[in-house]
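This report is a guided reading for someone meeting the model for the first time. Please keep the sequence and the structure in view while following the sections below.

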Amino acid sequence: MSGAALELHEVCFRYSRRGPLVLDSLRMRVPTGAICAFVGENGAGKTTAMSLVGGFLQPREGAVHILGEEGFDAFRLKGRLGVLPQDAELPLRHSATQFLRHLGRLQGLGRKAAAVEADRVLEVVSLADRGRSRIASLSHGMRRRVAVASALVGDPELVLLDEPLAGLDPSQAGGLRAALGAAAGRRTLIVSSHNLHDLERLCDWVVMIDKGRCVRQGALHEVVHTTRVIRWELASEAPLEALRAALPDHDFRGDNTALEQRAPDGVDLDEASLEVMRILSARGIAVRGVRRGAALEDTFLAEVGSKG
Amino acid sequence: MALWASLRDVLHIAGFELLRALRTWQAVALVAVYGLATAWSTYIFVNVLGAIENEVARNLGLVPAEHPGAMLDRLVTSASFRDLVEGMIGSASILDDVLSWPVLAIFYLWIGIGLLPLFAASSSADALAGDVYSRAVRFQLLRTGRAELVAGRFVGQAVLSILAVSVSAVVLFGVGTWAMAPQEDLALALALVSITPRVWFFGLPFIGMGLAASQLTVSSAWARVLALGAVAGTWIAYGVARWASSTDRYAVLSDVVLQAVPQAWAAGLWQPGIGWLPSALVCSCLAVVIVLGGFLVFSRRNL
């Protein structure tokens, strides 16, 4: 168990006795300190898995280990676990500050500490100036940020955010991403989102699920092969024959102006990329873009496509 | 330590529940409607009192009084009034003790026993179901246990009911002193203060019914129907059990039912001195049992 902030072992869940399995022997592990992208299509089971961790749902089979504790227990995990539940309605008649103070008090903070903490998390989500406003008077994006702030109250060790960036405009999303990224290493963060581009910029660990099962998990750089793959975008067709002759250990695949270079394990990819650039330069082929590794989105689609 | 943590959470949730009730106008609506119902029924009662007084005056060959309550001294000795009060308290053994109270104080406890169950059950039926539906309950459930959540909501509703009962006492005092001939206001006020806890204790099992219903469904409307149905059911069960207790065939069954329905313990709330406290304790225990009945389902539900 050491080193894992969250582990799910063979967890099965269905919403009704005869309903379909929403989680089908789900096994996943998120190491302590990771910022984890929790990725899956609609209905894959992401929200259900997060709800199980938060204790809102109870697994029919399997085990959930949270911060070394077996199963969810509100008192043993008090103040150590933060969850942003998807679609949970905030108390609209209260102010954001009142709401967050209340949650702080429930986490065991004293009156003064809860007030300080409410102000701090509102600052984190850039809502310090709207803390006294009733939640009903806030825009959708602001409410979403209050909900995110609720998961950060008390600086918990493990935070699960279900679609935290949904409904936020680009600048709000950027600000929140930066705030979440700033906590890297201090806490374990699990973020589910359909915007894989956003997740890729934020996360260092990824868990992909499909139809209630984990199809891939690991460090982001391993999953997207950043150490073994380079993708080139060229101005004209790639000289595949010349490249294969110069670097016979490498696998080159081209599709018109797109070139994918896969290196064997242990090869210095920097050196290999210089060789490719020399060959391209010698033929007068301009390079329009280079990317180390595959996009998370492409990797995800490849995984889900191959399993489906 | 664990008990203190639980208690602390219960109080925080109760406070937040109360604040929510005030912010959503639920508390104001409850107090206003309950106060209006009390005012209206007090006004009717005062007029009934006046009619009985006029009848007594006619029998004695006196001139009827202009305002009800002008001849209460004679009224409390009249057979028709004694019959009325005996019907209200459901017992002849403590009739003389009760008749020593101010008339409006007698009515206050009686109307509380009649009206509060409906308001208490209806109000508390909304305490959980809506939040489970909107998933708002998840914010609290991540940080405290389900038992603490339910207990906190119960305490919040119980405090809300104290507010409603107290306001109804003030309303009754106001309507009574306005519509009746001058009475001993201080004696009435003191009597109302001493009776308020009795009314409140009687309301607890019905708060429990509302909260139990609220734990069974995610629909506030359906929870309210269940709660009001349960209140009506206890009245029917009480009436049937009282009838059956006089028969040989169902005597045992009816005795069991009479232990379990709050209405059967209402008679004890009329006891003088501290004699009403055992009935109040039973009402509290019934409330806990009823809430626990709902909790058996709620504790295992997916939320």
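## Terms and overall build

Helices (H or I, at least four residues) and strands (E, at least two) are DSSP runs, numbered from the N terminus. Counted in this way, chain A holds 10 helices and 14 strands. The model is a predicted one, in which local features need pLDDT of at least 70 and side-chain atom pairs count only at pLDDT 80 or more, while totals for chains, interfaces and linings use all residues. Residues are numbered from 1 along each chain as its sequence is written, and chains are lettered from A and ligands numbered from 1 in the order in which they are written.

Taken along the principal axes, the C-alpha atoms of chain A fill a box of roughly 70 × 45 × 35 Å. A residue is called buried if 20 or more other C-beta atoms lie within 10 Å of its own, exposed if 12 or fewer, and partly exposed in between, with C-beta atoms placed from the backbone; on this scale, 42% of the 308 residues of chain A count as buried. Two residues are in contact if their C-beta atoms, placed from the backbone, lie within 7 Å. Among contacts in chain A between residues at least 6 apart in sequence, 68% join residues at least 24 apart.

## Two domains in chain A

Chain A is divided into domain 1 (4-220) and domain 2 (229-292), with bounds that come from an automatic or database domain assignment. Over C-alpha atoms, the centres of domain 1 of chain A and domain 2 of chain A are separated by 41 Å.

## The sheet E2-E1-E4-E5

Two strands are said to pair if DSSP finds at least two bridges between them. In chain A, four strands form an open sheet in the order E2-E1-E4-E5, with antiparallel pairing. Strand E2 (23-31) and E5 of chain A stand at the edges and have a single partner strand each, so one side of each is left without a neighbour in the sheet.

Strand E1 (residues 4-13) of chain A is joined to E2(A) by six bridges, and the two run antiparallel; A:Ala4 stands opposite A:Pro31 in E2(A). Helix H1 (residues 46-53) of chain A lies across E1, E2 and E4 of chain A and runs at about 115° to E1(A), where axes are lines fitted to C-alpha atoms, for helices over the stretch in contact, and angles run from 0 to 180 degrees between N-to-C directions.

## The sheet E12-E13-E11-E14

Another open sheet of four strands in chain A has the order E12-E13-E11-E14, and its pairing is antiparallel. Its edge strands are strand E12 (251-255) and strand E14 (287-292) of chain A, each of which pairs on one side only, and the twist averages 15° from one strand to the next.

Five bridges connect strand E11 (residues 229-234) of chain A with strand E13 (residues 258-262) of chain A, which run antiparallel, and A:Glu233 stands opposite A:Ala258 in E13(A). Helix H9 (residues 269-282) of chain A lies across E11, E13 and E14 of chain A, running at about 20° to E11(A).

## Residues with positive phi

Most residues other than glycine have a negative phi. A:Leu67, however, has a phi near 50°, a positive value in a residue other than glycine, and is found in the loop between strand E4 (61-66) and strand E5 (69-70) of chain A. A:Leu67 is partly exposed, with 17 other C-beta atoms within 10 Å.

A:Lys211 has a positive phi of about 50° although it is not a glycine, and lies in the loop between strand E9 (205-210) and strand E10 (213-219) of chain A. A:Lys211 is partly exposed, with 18 other C-beta atoms within 10 Å.

## Where chain A meets chain B

Between the chains, 25 residues of chain A are in contact with 21 residues of chain B. On the side of chain A that touches chain B, the elements that give two or more residues are strand E6 (81-84) and helix H2 (96-106) of chain A, and H2(A) provides the largest share, four residues.
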